[in-house]
Amino acid sequence: MNKLIVSPSPHDDNYVKTSKIMLNVIIALIPALCVGCYFFGWRVISLTSVCVASCMIFEYLCRRIMKRSNTITDLSAVVTGVILAMNLPVTLPYWMAVIGCFVAIVVVKQLFGGLGQNFANPAITARIVLMVSFPSAMTHWIKPLEYQYDAVSSATPLALESSGADSLPSYLDLLLGKVGGCLGETCALALLAGGLYLAARKIISLAAPISFIGSLALLTAVSGGDPIYHILAGGVFLGAFFMATDYATTPITTKGKIVFGLGCGIITFVIRRFGSYPEGVSFSILIMNVLTPYIEQLTRTKVFGAKEAVKNEG
Amino acid sequence: MNKLNGIRLKHRKNTENSHTEVFPIPKKVKIPMSMTMGAPCTPLVKIGDEVKVGQKIGDSEAAFSAPIHSGVSGKVTAISDYRTAMGAVCKALEIETDGLQTLSEDIRPPEISDKESFIKAVRESGVCGLGGAGFPTHIKLNPKTPIDTLIINGAECEPYITADYREMIENSDDVIGGIKLVKTQLGIKNAKLAIEANKPEAIKKFTEMADNDDTIDIITLPSSYPQGAEKVIIYNSTGRIVKEGELPSDEGVIVLNVSTVAFIYRYVKTGMPLVSRRLTIDGNAVKEPKNVSTVIGTSFRELLEFCKTDLDSLKKVVAGGPMMGMSVPDIDMPVVKTSNALLAFDSYDNRSTSACIRCGRCVRVCPLGLMPADIDKAYKIKNIEELKTLKVTLCMNCGSCTYVCPANRKLAETNQLAKALIPRK
């Protein structure tokens, strides 16, 4: 007879693995990528592939150099690659995208300890670094369905609105993504579908997306803006469903997630209303990422039957 | 009333319709002198002594203990050191059976005149919590505070196990009789029999039986693990919260397992102490899963063979349920008072542990609202103050956090290790 394995209970598990969760996130991103492809052409595929490949290579090399276990198979680097690509304009030169991947994987993720340890969302941080480093390349938008990568820059819906343009894109165009913008952020409908898929699979909680989108809509309405236009335009859905729900950089409890979403909504509104920078969603998420440890301290669960701890500090 | 967290497990109650089979008296039994919580017993017999069925063979001076009786007639052949599944070392009696099953002259129904004599009789029966925890029942029945509600735990929330369910179906009169007996003897006003929703037949049966008695409520618990945990079942059947550092009796409640209460009823009627029990034998290495009633001291090996288990394929054997049971190092260990299941598997989880991704699943499932992910972090840096704030001492080791962890982190185990870091008052 074999030797019996003795281990602490439980002796069963539900077989949900990290890689399965990541795979589901990738599945949820596919609709928005497909729509991006339809409106912006083949370069969506090649740019996304470059991002995914370089994220995986950076992850592998980094772990190798740091003499840590290989974590390619958990698919988290793939997710980062896809989300980063979706945050880029389709015309961005490949080498710039590779720099973005380096920032995301090496600087933000691995230098802080790898999966689960990073304090900020890798894709958001990389987008902001690229934005600051290459402002013109990062704001070169093409007209949907024209596939003219060398054409003169078009404008995003938010830029059109703040410049006081006469004809703004219709709600339908915003829902379908037939507007200028990053290659994966324009189609609110596809992003919503992906977000709802993840919620249905119980991979994300809708607490943060709802409080994010809700508070932004409310504040916009109160300030006299068009709330529907503002939540459909400019990457709110991509940020709310896929980046404000990132496990490592947002609070664990539902209370914390609601606070996080509210913060994102408020900061996005403030930047859009009063700021001159077009990066409301990215900055709001990054700022809230940094605040997450404090939110967590204040939003812990209430332990069943626990008595108040006697504070004896110092 | 807030809903407590819980998880939906695959019930795997393969044996729910298997009528209890009586296992023949084995040639040899091995009876450890420590089978319940509390002090171990001292053997009352010597090597070479003849023993009879029901004869007391071990007892302790300590109040927090329960005596041990023989379930067989035969001769004591050895008294050896024995390591229990918990890791404690005690003496164990080996008895070679003669197959005659001669009854001891001491067996007669106990004389019960008042509460004290009832509690004394319960101690003499050797009974402890038969649901697996093994708390000596007579201690529970004698609380310092007044009790107004008796909760009978028929949740049986662990997968596979159907031993309590079969008790409820096969011996429902004993269950109701036991509830009435304990209620009357201790002067408790109300009783609540709480059963998980996945046992509709038992719920129907008892609802009918208790129809004309408005002091016995039948409560349907949701099918989510861990309904049978004491604090959870008390909250879900009475709304009362057993606070940190409190006993159920501080909230006016006593919780007894359904098989325990039925046993007490039979003991008071017949005087036969706890010498045998029913256990569920299942697991993917067991070809014929069964409910078996057998004398305490029967070896796991014989029971597994009885259920057509391929012993060569065994990788893991668990005494108890898959969530809270103990994996045992060898199958020559005996059935003890708390053995409610014996599960044999031909595989085990050998996935490696990876980094916490902070998905929060452990927090969402913890029935007590603990934060295992944060406890894991605080344990790693041995931050005792933080562990205290996180209330790790309240963890009851239900295993839900480890069960759902996608990174395969052994969170429940870490909680137990973390508890040990906190100095006791």
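In which sense do S5(B) and strand S6 (residues 68–69) of chain B pair, and over how many bridges?

Modeller: S5(B) and strand S6 (residues 68–69) of chain B pair in the antiparallel sense, over 2 bridges, where strands are DSSP runs of E with at least two residues and helices are runs of H or I with at least four, numbered from the N terminus, and where two strands pair if DSSP finds at least two bridges between them. This is a predicted model, in which local features need pLDDT of at least 70 and side-chain atom pairs count only at pLDDT 80 or more, while totals for chains, interfaces and linings use all residues. Residues are numbered from 1 along each chain as its sequence is written, chains are lettered from A and ligands numbered from 1 in the order in which they are written, and side-chain values use heavy atoms, with hydrogens and water left out.

Within this pairing, Lys56(B) stands opposite His69(B) in S6(B). S5(B), which covers residues 56–59, also pairs with strand S3 (residues 42–43) of chain B, again in the antiparallel sense and over 2 bridges, and there Pro43(B) is found opposite Gly58(B) in S5(B). In general, strands of a sheet pair through backbone hydrogen bonds, either parallel or antiparallel.

Chain B also has an open sheet of 4 strands, in the order S2-S8-S7-S4 and with antiparallel pairing. Its edge strands are S2 (28–32) and S4 (50–51), each of which pairs on one side only. Between them, strand S7 (residues 74–83) and strand S8 (residues 89–97) of chain B are joined in the antiparallel sense over 9 bridges, and Arg83(B) stands opposite Val89(B) in S8(B).

Contact, meaning heavy atoms within 4.5 Å, is made here by Ser172(B), Asp173(B), Val175(B) and Ile176(B) of H4(B) and by Lys205(B), Phe206(B) and Met209(B) of H5(B).

Tyr160(B) has a phi near 70°, a positive value in a residue other than glycine, and its place is in the loop between strand S9 (149–154) and helix H3 (163–170) of chain B. Tyr160(B) counts as buried because its relative accessibility is 8%, the cut-offs being under 20% relative accessible area for buried, over 50% for exposed and in between for partly exposed, with a 1.4 Å probe and protein chains only. Asn397(B), which is not a glycine either, has a positive phi of about 60° and lies in the loop between helix H11 (384–389) and helix H12 (400–404) of chain B. The peptide bond from Tyr225(B) to Pro226(B) is cis, with omega near -5°, and Pro226(B) is found in the loop between strand S11 (216–221) and helix H6 (230–238) of chain B.

In chain A, the peptide bond from Ser9(A) to Pro10(A) is cis, with omega near 0°, and Pro10(A) lies in the segment before helix H1 (18–40) of chain A.
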